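Student: I would like to go through this structure with you and ask, for each label, what makes it apply. Could we set every value against its definition?

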Amino acid sequence: MTITSPAATVAAGPTGLNRITADDDLFFKLHSLYPNALVNQLAYRFDTALGRDLLAEWHAHLATGFIARRVRTTRFPIARPHWEPATESLPLRWSDTPIPDDEVLDWFLEQAAVEFDPERGLVWQLAGAPTESGGTVVTLVASHVACDGGGMMHAIVDSLDRLNRGETPDRSASAGRLVGPVAGAGRIAADLADARGQLRAVARGVRAARRARGVSEPARNLRPAEPRLPHVDVWQAAESIVQLDLAEWDAVAAAHGGTTNGLLIGVAVGLLGRTGRIADGADVRVDIPHSMREVDDPRANATTGLPISVGYRADERADLPAIRAALKTAGLAYRNPETIPPIQHLQPVQMLLPRMVLHKFARTAKAPECLCTNMGRTAQNIAVLGTHRARDVIMRPVVNPGPVELFRQVEVGVNLAFSCDDDTVTLVVTGGDPDRFPTRAALRELLAAEFADWGLTPRFW
């Protein structure tokens, strides 16, 4: 994940077109190299039968909403592509075959395997099926090109609100109005103006990078080459969904001098340490996505990232007060351009790189060793679909299956996604290292041990 500098937060160009951001551009270019490797997913589990017709109504609202967008490329390499409303979408995927209740997680993962096409606007898909117990499972999957977690949440809240009020799908009256406008007869002039603006942004970014040349980010640990376990060529990252009582989570965090975020990070670092991926006494780089989304924000991706270092000590819990202090320091640093690492100021330069050059860099790029996403109390805002309230709501990034050697090459570590309502914490944990988290059962065993050390009582799916 890249970090949006203060100079790169405005998506609209000089003529008002909804120009893509540096993050949009990065995900768009990488889409051709690693198609749909990382997608965002909303997953529901209902105890009641919803039926296909209700999902078809929601699909119609989504098809005119915030994520119904397509990338319109430009004739000028320097000018940025822009977003326009999508005029087509992937159809609703509905199955009449009931899903066994103990296979719900597998069904969710299967729905994440979607072939997206950002230039056509085929960037999301809604799916549903009944369960054998009489309930319903529903999933909405979206390409990271078209939205980050905040953008997807905005699309979901807006479309569900309109559906639940009985309103008709209407792009101009919904959050879909933020996606456009469509480029008209003045498109060439608009692209030329944006190209000039991008050249000025490059100059500003280079100057800012020079001023911040003494600033550095926390280092990541090298992935040990051993052990190297036998796997099939295409591997699915290990994943676990676990729920805990929010009151217990908050009490444990407070008892150890920390916060909700601190305990999330502490559990993640302890989990990674238990695998042997990092050495006793090492500092772990933890990346924490932070939304920069504003009211009526047209951007698909509007997220910055706060990297911090957290010490790992074998047989000890993470130091939550130290994590709290590190988060505060990182937050203050990224408000000041002079304390943002130089590479982040160079995002306008990144957007000028041809796809072939970015592909070359991407083959040597590394994934986060520890990524912790806190989406807060979002579940209760999107739990109602028509007259039905979901028993469980999950928002998560999904790492789709890929070559096992690719996971080793990019050195994927562990990802934790946290969300809650007033009563329950839901954690989605993804172990992306095939030699430390070889199976779902292995991940669950490590998680159970880490929770036990904190005195937490998990309920695994």
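Predicted model: local features only at pLDDT ≥ 70, side-chain atom pairs only at ≥ 80, totals over all residues.

Student: Why are α2 and α4 called oblique to each other?

Tutor: Helix α2 (residues 52–62) and helix α4 (residues 149–164) pack at an angle of about 125°, with their axes 9 Å apart. Angles under 35 degrees count as roughly parallel, over 145 as roughly antiparallel, 65 to 115 as roughly perpendicular and the rest as oblique, and α2 and α4 are therefore oblique. The angle runs from 0 to 180 degrees between N-to-C directions, and the axes are lines fitted to C-alpha atoms over the stretch in contact. The helices themselves are DSSP runs (H or I, at least four residues), as strands are (E, at least two), numbered from the N terminus.

Student: Which residues make the contact of α2 with α4, and how do they divide by class?

Tutor: On the α2 side the contact is made by L54, E57, W58, H61 and L62, and on the α4 side by A155, I156, S159, L160, R162 and L163, where contact means heavy atoms within 4.5 Å. These residues divide into seven nonpolar, two polar and two charged, with Ala, Val, Leu, Ile, Met, Phe, Trp, Tyr, Cys and Pro counted as nonpolar, Asp, Glu, Lys and Arg as charged, and the others, Gly among them, as polar.

Student: How do you know whether α6 is oblique or roughly perpendicular to α7?

Tutor: The axes of helix α6 (residues 246–255) and helix α7 (residues 260–274) come within 9 Å and cross at roughly 85°. That makes α6 roughly perpendicular to α7. W249, D250, V252 and A253 in α6 meet T260, L263, L264 and V267 in α7, and by class this contact has six nonpolar, one polar and one charged residues.

Student: How many disulfides does the structure hold, and what is the nearest cysteine sulfur to that of C370?

Tutor: The structure holds zero disulfides, a disulfide being a pair of cysteine sulfur atoms within 2.5 Å. C370 is in no disulfide, and the nearest cysteine sulfur, that of C372, is 4.2 Å away. For C420, the closest cysteine sulfur is also in C372, and at 15 Å it is too far for a bond.

Student: Why are C370 and C420 called buried?

Tutor: Buried means under 20% relative accessible area, exposed means over 50%, and partly exposed lies in between, with a 1.4 Å probe and protein chains only. C370 has a relative accessible area of 0% and is therefore buried, and C420, at 4%, counts as buried as well.

Student: Is L42 buried or exposed, and what does it touch?

Tutor: L42, whose place is in strand β2 (residues 38–46), counts as buried because its relative accessibility is 0%. Not counting residues up to four places away in sequence, L42 touches W58, V138, T139, L140, M152, I156, I382, V393, I394 and M395. The C-alpha atoms of L42 and V138, 96 residues apart along the chain, are separated by 8.2 Å.

Student: Which peptide bonds are cis?

Tutor: Among them are the bond from G180 to P181, with omega near 10°, and the bond from E226 to P227, with omega near 0°.

Conventions:
Residues numbered from 1 in each chain as written. Heavy atoms only, no water.
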